[in-house]
Amino acid sequence: MSELKIPVGAGDHIQGDPQAAITLVEYGDYECPHCGAAYPIVKRVQRHFGKRMRFVFRNFPLVQAHPNAQSAAEAAEFAATQGKFWEMHDGIYENQRELSMDFLLRLGEKLGLDGRALAKALKNEEFAEKVRADFLGGVRSGVNGTPTFFINNHRHDGPFDYGDLVESIERVGG
Amino acid sequence: MPQILAPGTKAPDFTLAVTADQKLSLSELRGQPVVLAFYPADWSPVCGDQMAFYNEILPEFQKHKAELMGISVDGVWCHAAFAEARHLHFPLLADFEPKGAVARKYGVYRENDGICERALFVIDKNGTIAWSYCSPIAVNPGADGILQALEALPK
């Protein structure tokens, strides 16, 4: 029923072969425990499909439920401007329970980012608009919670265990 | 199987409790669009929860001056605890006594389960149903359909 309305493009964070036949898009929230659970599953799915699949992550922070989700998303967007999006993305999900403003700044420094610039970007909400644009595009596409996955533009409904995702991807794009 | 009320139908009026000492009638909201979201029950699992999700989208509904209301057969105290736990910023109506009477009028009551469907209605400022949708009970319908319907309303 629901289709991805915003095509994958230059503004996206993309991992994998640009020519891949399969595109997996995740709308995720850095503080959402279900997204945390999905994180290693997505890594496994990526390994399974190799060059056949590319992976795209878009922000969908549920700010009413998760007080740090917005800052985390903005921090990852900041990292992206210095070529470290995936390092930040992975670093947050791998330490999700420690997520706080302090943690984001420490992680930024660990990744070699300019700490003062990061703190300033978060304080001034420099990336809030980019994150909001992801969020609104997700709403348009029928994102109904986090994580929501799209496989070649089709929303994946139902569970997202490794087996479910692989099966769904094989069916739609394999 | 009862049929969900279709676009073009006058939305049946109702008066339901919002809190223990406050009632709300649909007709009071004439003059602005209303989004009526029937859902099976309070306290379904966290992040994927439909009402908590709409809570995040609320500013988008407000751009259309639309009033969002959740509605289920749960009682007012259950709604109050649920709304507090999820920090909901919109009213939950209790279709509690006689149980499911409003859901029945809208054709979205599940007789065998004693709960209502996951069903959405966009009602225009004149009180006519502009769009309706009944989702499979296990699938959170999201908000794309609601926003499209709100955008399609005549200004």
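## A buried ring to start from

Let's begin with one residue: at 0% relative accessibility, A:Phe60 counts as buried. Keep in mind that this is a predicted model. What is the relative accessible area of A:Tyr27? The value for A:Tyr27 is 1%, so this residue is buried too.

Aromatic pairs turn up in number here: counting over all chains, the structure holds 21 of them. In one of these, the ring centres of A:Tyr27 and A:Phe60 are 6.2 Å apart and the planes stand at 90°, so the pair is edge-to-face.

Now for another couple, A:Phe57 and A:Phe85, both of them buried. Their ring centres are 6.4 Å apart with the planes at 40°, and because that angle falls between the limits of 30 and 60 degrees, the pair is tilted. A:Phe57 lies in strand 3 of chain A and A:Phe85 in helix 3 (residues 85-94) of chain A, so the two tie together parts that are 28 residues apart in sequence.

Elsewhere, a charge meets a ring: the charged end of A:Arg44 sits over the ring of A:Tyr162, at 3.7 Å from the ring centre.

Is strand 3 of chain A mostly buried or exposed? Seven of its seven residues are buried, so the strand is largely enclosed by the rest of the structure. A:Met53, A:Phe55, A:Phe57 and A:Asn59 point one way, A:Arg54, A:Val56 and A:Arg58 point the other way, and all are buried. That list includes the arginines A:Arg54 and A:Arg58.

Strand 3 of chain A pairs with strand 2 of chain A in the parallel sense, over seven bridges. A:Thr23, for example, stands opposite A:Arg54. Strand 1 (residues 13-15) of chain A is a partner as well, but there the two run antiparallel and three bridges join them. Within that pairing, A:Gln15 has A:Phe55 as its bridge partner.

How many cavities of 30 Å³ or more does a search of the whole structure find? It finds two. Helix 1 (33-49) and helix 3 of chain A each supply at least two lining residues, and the largest share, four residues, comes from helix 1 of chain A. By class, the lining of this largest cavity divides into four nonpolar, three polar and three charged residues.

The second largest cavity holds about 30 Å³ of space. Lining it are B:Leu26, B:Leu29, B:Arg30, B:Gln32, B:Val34, B:Ile123, B:Asp124 and B:Gly127. Four of these residues are nonpolar, two polar and two charged.

Note on methods: Residues numbered from 1 in each chain as written. Chains lettered and ligands numbered in written order. Predicted model: local features only at pLDDT ≥ 70, side-chain atom pairs only at ≥ 80, totals over all residues. Heavy atoms only, no water. Phe/Tyr/Trp six-rings, centres within 6.5 Å; stacked < 30°, edge-to-face > 60°. Buried < 20%, exposed > 50% of the residue type's maximum accessible area, 1.4 Å probe, protein only. Lys NZ or Arg CZ within 6 Å of the ring centre and 35° of its normal. 1 Å grid on protein atoms, 1.4 Å probe; cavity = no way out; pocket = protein on both sides within 12 Å on 5 of 7 lines; lining within 4 Å. Points joined across faces, edges and corners; volume = space filled by probe spheres on them. Nonpolar A, V, L, I, M, F, W, Y, C, P; charged D, E, K, R; others polar. Pairing = 2+ DSSP bridges.
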